[in-house]
Amino acid sequence: MKKHSVPLGLLVLMAAVHFALFIVRPDKAREVMSTAGNYFLEMIAILPPILVLVGLFDAWVPRRVIEAAMGKGSGVKGALFAILAGTAGMGPLYAGFPLAKSLLGKGASLTNMTIFICAWASIKIPMILFEIKFLGGAFAGVRLALTLPCIIAIGVLLNRILNRRTPHETKCA
Amino acid sequence: MLFTAILWGAAAAGLVFSFLKNKDKSQRALGAARKMLESMAWLVLLTIWSIGFILAFLPPEAVSRAIGPGSGIKGVAVAAFFGSIVLIQAFIAFPLAGSFLRQGAGVEAIAAFVTTLVMVGILTAPLEAGFFGKRFALWRNVLSFIFAIVIALAMGVVLG
């Protein structure tokens, strides 16, 4: 992520497209602006405290704790720990990335880190409650029961695939 | 929102506690937070701008028509596709999916939509790649997509 040139180029391109849209379809251009604006406000509202919490986690939780709980030899216990940590997650998936990165840096295995991300994405407790309310207990329950083994499978498979060659690439800074 | 208030409260309480216990460590924590923000900023901006474009040109009615009542097995494929590209918060997506379900949409299609929506993120993939590398982002999303389809079809069998 050191190279900012690609996203920066894309941003310029988007600004140009957006500007053109203002001339051709001002209504759509305004819609794009208000939607993006809303998401921007949402990001501003949640990113700073999340990053501060991740920073504190980084500074205070010792490496050996994470290594013991979610490291290479942690086995089933490590996977369960990763799932529990993920379900306790709050906020959207991109908010979980910095914490997952920090877990990896502190010695969590790639499998468990992936399980953590997937659990955060799909079976956070606040989200499950919402799902039960709107889609019903049976729907939410069956989806949860099917998702759990799939998450573990994704973690194991991803680790196999990425470690076949250039395993260090996954740990890029 | 309550969730946001809890986050800010927890971060503030954590910082105060941290500074009282160890000033150096706390400053390091803040430095790490700032560095993360700097490395994410451009991609975050790019992501939300893309969301603005996509939602403006892909109205909910289009999604509704594609995976709504009577869309059948083709609905599963379309639902998984939409679920992978759009980025909607759960508090909008679940009520929407619930209304489709009550209107007679297939359980498979709704399950495919909800599961890909939460697990697969094409829009957030560049951000994910920034953190964990391109291959990780690619394969995590590909595997999640495949398993989301499996989950959706299995749900159709169990609940359909």
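Into which domains is chain A divided? The predicted model, in which local features need pLDDT of at least 70, side-chain atom pairs count only at pLDDT 80 or more and totals for chains, interfaces and linings use all residues, omits hydrogens and water, side-chain values resting on heavy atoms. Residues are numbered from 1 along each chain as its sequence is written, while chains are lettered from A and ligands numbered from 1 in the order of writing.

**View 1. The two domains of chain A.** Chain A comprises domain 1 (1-60) and domain 2 (62-173), with bounds from an automatic or database domain assignment. Their C-alpha centres are 26 Å apart. Eleven residues from domain 1 of chain A and eleven residues from domain 2 of chain A take part in the contact (heavy atoms within 4.5 Å).

**View 2. The helices of chain A.** Chain A contains eight helices and zero strands; DSSP runs define helices (H or I, at least four residues) and strands (E, at least two), numbered from the N terminus.

**View 3. The extent of chain A.** The C-alpha trace of chain A spans about 60 × 45 × 35 Å along its principal axes.

**View 4. Burial in chain A.** Of the 173 residues in chain A, 48% are buried, meaning under 20% relative accessible area with a 1.4 Å probe, protein chains only. Among contacts in chain A between residues at least 6 apart in sequence, 72% connect residues at least 24 apart.

**View 5. Charged side chains of chain A.** Chain A carries 18 positive and 7 negative side chains; Lys and Arg count as positive, Asp and Glu as negative, and His and the chain ends are not counted. The centres of the two sets are 9 Å apart, each charge being placed at NZ of Lys, CZ of Arg, CG of Asp or CD of Glu.

Definitions and conventions:
Buried < 20%, exposed > 50% of the residue type's maximum accessible area, 1.4 Å probe, protein only.
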